[in-house]
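Me: Could you walk me through how the two chains in this model sit against each other?

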Number of protein chains: 2
Amino acid sequence: MGKLIVKKFGGTSVADAERIEAVADNIESEINAGNKVTVVLSAMGDSTDDLIKLAKEINPEPDLREYDALVSTGEQISVALLAIALLKRGIKGKSYTAYQLGIKTNSSHSRARILDVEVSKIISELNEGVVPVITGFQGMNESGDITTLGRGGSDTTGVALAAALDADECQIYTDVEGIFTTDPRVYGKARLLKQVSFEEMLELSSSGAKVLQLRAVEYASKFNLPIRVLSSFNEGEGTLVQEEKNIMERPIVSGISSIDTEAKLTIRGVPDIPGVAAKILSPISDAGIEVDVIVQNIGADNTTDFTFTVNEDDTKQAEEILKKTSTTLGGGLIDVDDDIAKISIVGRGMRAHAGVASKMFQALAKSEINISMITTSEIKISVVIKKSEMTKAVAALHDAFDLDKELDE
Amino acid sequence: MGKLIVKKFGGTSVADAERIEAVADNIESEINAGNKVTVVLSAMGDSTDDLIKLAKEINPEPDLREYDALVSTGEQISVALLAIALLKRGIKGKSYTAYQLGIKTNSSHSRARILDVEVSKIISELNEGVVPVITGFQGMNESGDITTLGRGGSDTTGVALAAALDADECQIYTDVEGIFTTDPRVYGKARLLKQVSFEEMLELSSSGAKVLQLRAVEYASKFNLPIRVLSSFNEGEGTLVQEEKNIMERPIVSGISSIDTEAKLTIRGVPDIPGVAAKILSPISDAGIEVDVIVQNIGADNTTDFTFTVNEDDTKQAEEILKKTSTTLGGGLIDVDDDIAKISIVGRGMRAHAGVASKMFQALAKSEINISMITTSEIKISVVIKKSEMTKAVAALHDAFDLDKELDE
């Protein structure tokens with residue numbers, strides 16, 4: 001029996017007529033192999049950016065209901081064009097907007113969350129030999145307004161549809177060949193991973209490896225749905241992201257993520273009493289600023305230093321908020337440092353192996369890299385270092401944990 | 001009490017951010033004057049052509065369901081952008097696709113006809129001070145597929161909405177100032193008409209004055225809804241197209257239309273028996289070719305010459321069909337002539353005035369213009385002449401009927 005596969009193609013994969021034809025060829029091969037296919041598409045290339053630019057010419061902060069109505073046209077264009085390309089091949093392609101299918105979301109325009117996917121229409125189309133081609137990234141709210149899921153939301157649409165359809169696999173086609181041990185642009189010896197667990201993928205995603213959208217991985221994990229990340233430009237098996245228990249042999253460390261677009265803020269000498277952390281972070285999150293790493297150390301004389309990192313674009317705003325908080329709390333000086341990089345080693349294997357952290361710190365010490373912050377989770381150790389030392393640190397850790405050598409995965 | 005006005009803006013009126021701001025200004029003035037406004041928009045400038053080009057790169061004859069899904073995005077973009085511009089001005093603009101409102105059409109993709117306009121949503125929005133901004137040119141069929149009304153269909157959407165809302169006026173904004181006595185590019189003395197009847201407008205539309213879409217005029221006439229044709233680039237009252245009985249004084253001839261993109265086909269010596277005309281024209285219309293003028297003259301020896309005009313692009317195809325018909329009917333030679341122009345004088349006034357036709361023929365004779373075909377209707381007389389004499393003929397007739405002189409309309 002054939003499989004049911006949901007294929008999601010990103011913007012670069014449908015950037016022009018030629019790329020759309022290539023996607024149609026891909027689907028044709030899958031159909032010829034006896035499988036059923038449902039397709040989810042992003043907008044063509046930079047077309048969404050062009051629409052946003054147009055809106056911002058009129059108002060730099062456009063109304064979000066209208067913003068969503070505007071940018072949702074991008075995917076409507078790509079799905080219609082792919083359906084045309086499929087029909088040319090004698091395949092019964094049929095485009096659908098999320099609106100037509102009734103993909104329900106909440107009302108948070110421009111960053112809505114999927115609430116419900118009604119698949120009866122898709123199933124009846126599949127049973128009639130149709131290849132439904134569906135707009136990613138969007139939905140409709142209770143009032144019948146068009147919503148969008150935010151950047152990368154097409155991954156979430158793909159996974160949500162695959163889960164609702166109980167598909168055998170969700171294939172996410174991108175412009176990279178899969179998930180690597182580290183960013184190949186940072187370290188040339190980066191190796192393509194054959195498989196990785198949802199948990200590791202989540203840690204890798206949130207640490208800068210932006211191949212898959214975080215929400216999509218969470219969704220897939222929740223429904224135990226295997227995701228395969230592949231390139232739409234090259235042949236290859238890509239990386240299978242799946243439940244831990246299906247992964248037999250495992251290396252201690254699966255991958256290294258690096259990010260150098262954050263800034264570190266420290267508020268010194270705040271009173272070391274309950275509730276201080278919340279008092280510092282609440283105004284930051286109320287302003288819509290996302291905080292990444294948080295570290296607090298108990299100091300002398302009942303005061304503490306509290307440090308966290310934010311996206312470098314939010315530095316100025318976070319600093320202003322922090323100054324006010326410091327005044328209220330009777331805190332001391334505020335340090336801001338945007339000359340930083342965060343390196344994380346991620347791996348389910350490290351649970352069972354002692355000494356991973358010390359091996360990491362030794363490798364960095366040997367390369368004379370100073371560590372200014374450390375945080376750990378069960379399957380991840382992150383350090384903050386100077387930005388200029390990021391590449392050197394990734395290389396040192398990649399070598400130390402033998403990531404260039406393939407294990408019998 | 002304020003009026004309820006439906007304003008429809010064409011593609012050139014929303015071609016870029018600057019033009020969209022101008023449209024928003026126009027609506028702001030109307031709101032400030034105490035009126036309620038519903039807006040219908042076409043797609044920006046040539047954006048629809050760009051989409052069609054993209055589809056044709058993949059398939060020169062794209063599937064029409066997908067074609068409609070594709071091109072309908074054009075209006076969705078313009079309505080969202082206008083809503084953003086209105087909201088910037090503190091006006092509660094809100095974009096709606098025809099799909100969201102449930103504008104029902106039949107299933108003739110790319111040339112669908114509106115069946116039903118549900119306006120309860122629009123009315124409740126208007127009552128809350130909202131300016132609904134609605135995609136023209138499109139709708140949905142019974143199966144929930146997106147349909148489009150064909151070129152110029154936004155006029156029809158505007159008029160249909162205005163009729164369903166029982167609006168006081170439907171204003172159609174274009175890139176011309178209104179309806180002229182003749183095409184100003186053909187004859188410089190052309191004068192803007194303050195008013196014209198539906199019937200005259202229909203005759204003028206179908207004779208080449210393509211300011212308003214024919215279907216929109218028919219629709220307005222059926223519902224006795226006044227249409228005002230205005231320029232979105234210049235101030236001015238434009239032309240009011242309305243019921244005959246509201247037009248007090250009237251000139252004998254209201255306007256002259258001219259068209260030089262048709263070809264004339266004649267089949268000679270066909271038997272003069274009942275049903276011949278149908279046998280000649282049915283295969284032509286079955287092939288989707290539109291026929292304009294039809295003239296048949298009884299000849300000698302129980303045969304007749306049958307002549308009709310088609311768009312010059314269809315000449316070759318019509319000729320092929322005609323050759324086959326001639327063989328079947330036992331007809332004679334086929335003449336094809338694309339070196340023609342059709343000139344029509346249109347006016348409700350000519351009903352009550354004898355001698356309009358002879359005055360027309362005299363004027364043409366005085367300019368030594370030979371007439372090769374004549375057809376008449378109650379309010380129109382058309383002649384077919386040589387293409388090279390079109391401009392001269394328009395000038396002669398414009399002068400003969402004193403169209404440059406304003407009557408106390």
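Below are a few questions and answers on this predicted model.

Me: What rotation superposes chain A on chain B, and how are the two copies related?

Reply: Happy to start there! Chain A is superposed on chain B with an RMSD of 0.1 Å, by a rotation of 179° with 0.0 Å of shift along its axis. The two copies are thus related as by a two-fold rotation axis.

Me: Which residue of chain A comes closest to the rotation axis?

Reply: The distance here is taken at the C-alpha, and it comes to 2.8 Å. The residue of chain A at that closest approach is A:Thr73.

Me: Which helix supplies the largest share of the side of chain A that touches chain B?

Reply: In total, 28 residues of chain A are in contact with 28 residues of chain B. On chain A, helix 1, helix 2, helix 3, helix 4 and helix 5 each supply at least two residues of that side. The largest share, ten residues, comes from helix 4 of chain A.

Me: Which residues of helix 2 of chain B meet helix 1 of chain A?

Reply: Helix 1 of chain A brings A:Ala17, A:Ile20 and A:Glu21 to this contact. The residues of the contact divide into four nonpolar, no polar and two charged. From helix 2 of chain B come B:Leu54, B:Glu57 and B:Ile58.

Note on methods:
Residues are numbered from 1 along each chain as its sequence is written. Chains are lettered from A and ligands numbered from 1 in the order in which they are written. This is a predicted model: local features need pLDDT of at least 70, side-chain atom pairs count only at pLDDT 80 or more; totals for chains, interfaces and linings use all residues. Two residues are in contact if their C-beta atoms, placed from the backbone, lie within 7 Å. Helices (H or I, at least four residues) and strands (E, at least two) are DSSP runs, numbered from the N terminus. Ala, Val, Leu, Ile, Met, Phe, Trp, Tyr, Cys and Pro count as nonpolar, Asp, Glu, Lys and Arg as charged, and the others, Gly among them, as polar. Copies are superposed by least squares on the C-alpha atoms of residues with pLDDT of at least 70 in both.
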